[in-house]
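Please open the structure in a viewer and keep the sequence panel at hand.

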Amino acid sequence: ITHVQVADGEGLEDSARRARYAAFQKVVQTGEAILLAQHQDDQAETFLLQALRGGGPKGLAGMPELTVLGKGHVVRPMLGISGSQIHDYAEQHGLQWIEDESNQDMRFDRNYIRHQVMPLLLERWPAAGRTLARTAAHSAGLVQSADELLQDELQGVMGSRSNTLSIQALQSVPQERAALLIRALCYQLQLPLPSTSHVQELMGKQIHASDYRQIHINWPGAEFRRYRDDLYILAPRPEPVQIGWQYAWDGHDELIIPELEGRLSVQPAPVGVRQSIIDKGLNVRPRTGGERCQPAGDNHRRELKAIYQDHAIPPWEREQLPLIYAEDELIAIADIVISQHAVATAGEPAFQFVWQSIH
């Protein structure tokens with residue numbers, strides 16, 4: 001049993017679904033699959049929900065039988081079986097099951113469709129559940145073909161960093177095509193697809209803007225951000241904890257920093273920090289403002305903002321980077337730069353820091 005936090009201010013059904021799949025992703029391991037019992041009637045309901053919400057082709061495709069989730073997969077082996085077939089089988093074999101009381105709550109759109117809309121459709125068209133599920137399958141086939149065709153084109157508009165799109169490249173294609181490419185990358189990153197209004201806002205105000213303005217457009221489960229020519233599509237990031245934490249670190253064992261949702265480690269390197277500095281012990285703190293550092297190979301001490309700009313670190317990532325001190329001397333910014341004063345001389349053991357996100 002896993003307890004989850006359901007975000008406020010969003011549709012309860014969608015928010016609960018995201019929390020549920022986030023919990024699945026945390027536990028599924030490489031080579032493992034989570035089996036879900038969604039069936040043909042659920043697929044028909046999903047198709048109707050998406051159609052009534054103005055969903056695009058991916059929405060009308062319903063739920064796939066096989067989905068990549070984190071290190072493993074989600075499998076829905078019962079999409080071709082109706083709910084009544086499952087119910088009859090359970091009764092025939094004396095199986096016990098749990099009825100979720102929320103299944104009768106008409107405040108939820110899916111329940112309204114299940115108890116009010118589908119019975120009327122089935123009365124007129126007895127095979128409605130099966131045919132709607134089949135329509136979803138046809139849509140899924142078209143979506144898969146379209147995605148395969150878009151992959152080559154998607155490579156041509158990728159940005160300077162992984163999983164980003166080039167604003168300049170998107171400007172060179174028709175807006176409808178650019179919107180398809182943006183949604184294709186969302187799908188590839190396993191992020192919720194943006195609504196038409198969010199894409200229109202991005203296309204109208206940002207993609208064709210003449211300057212490199214900062215943007216932040218968010219929807220439940222994902223967000224657009226822009227830095228220089230790169231368009232980022234990200235899962236929402238937690239607000240950084242600015243103050244109140246620091247860690248003494250021996251520089252040898254891995255250091256977990258919950259406040260930044262990351263881990264620090266060291267490894268031998270041809271060029272890096274002197275072992276003697278690490279052996280004396282280190283201190284890890286957040287950025288608070290006013291820090292300066294002389295990067296290796298640089299002749300001057302510089303403000304962190306200038307260093308981040310030189311390394312093309314987007315503003316929203318800067319507060320998520322740990323600063324590493326030896327006594328009161330800033331010797332490294334995560335694994336981006338090390339201080340000139342901490343660099344090992346020729347023939348001296350050297351180590352580099354490794355910073356990895358764990359969110």
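This is a predicted model: local features need pLDDT of at least 70, side-chain atom pairs count only at pLDDT 80 or more; totals for chains, interfaces and linings use all residues.

Select β1, β2 and β3. These three strands form an open sheet of mixed pairing, arranged in the order β1-β3-β2. Because β1 and β2 each have a single partner strand, they stand at the edges, and one side of each is left without a neighbour in the sheet. From one strand to the next, the twist averages 25 degrees.

Which residue in β3 is the bridge partner of Thr-67? The partner is Val-74. Two residues lie between the strands of this hairpin, and Gly-70 in the turn has a positive phi of about 60 degrees.

Select α2 (40-52) together with α6 (residues 128-155). Their axes come within 8 Å and cross at roughly 65 degrees, which means that α2 is roughly perpendicular to α6. The crossing is left-handed. To display the contact, show Gln-40, Gln-43, Ala-44, Phe-47 and Leu-48 on the α2 side; on the α6 side they meet Gly-129, Arg-130, Leu-132, Ala-133, Thr-135 and Ala-136.

Move to the loop between β1 (33-35) and α2, where His-39 is placed. Is His-39 buried or exposed? His-39 counts as buried, because its relative accessibility is 16% and the cut-off for burial is under 20%. A polar atom of the His-39 side chain lies 3.2 Å from the backbone nitrogen of Asp-41. Leaving aside residues up to four places away in sequence, His-39 touches Met-78, Leu-79, Ile-81, Ser-82, Gly-83 and Ile-86.

**Last stop: Glu-317.** Select helix α12, residues 315-318, in which Glu-317 is located. With a relative accessibility of 17%, Glu-317 also counts as buried. Display the side chain of Arg-161 as well: the side chain of Glu-317 makes a polar contact with it at 3.4 Å. Residues up to four places away in sequence again being set aside, Glu-317 touches Arg-161, Tyr-232 and Arg-237.

Note on methods: Residues are numbered from 1 along each chain as its sequence is written. Side-chain values use heavy atoms; hydrogens and water are left out. Helices (H or I, at least four residues) and strands (E, at least two) are DSSP runs, numbered from the N terminus. Buried means under 20% relative accessible area, exposed over 50%, partly exposed in between (1.4 Å probe, protein chains only). A polar contact is a pair of N or O atoms within 3.5 Å; within protein, one must be able to donate a hydrogen and the other to accept it, and residues adjacent in sequence count only if both atoms are side-chain atoms. Contact means heavy atoms within 4.5 Å. Two strands pair if DSSP finds at least two bridges between them. Axes are lines fitted to C-alpha atoms, for helices over the stretch in contact, and angles run from 0 to 180 degrees between N-to-C directions. Angles under 35 degrees count as roughly parallel, over 145 as roughly antiparallel, 65 to 115 as roughly perpendicular and the rest as oblique. A crossing is left-handed if the near helix is turned anticlockwise from the far one by less than a right angle, and right-handed if clockwise.
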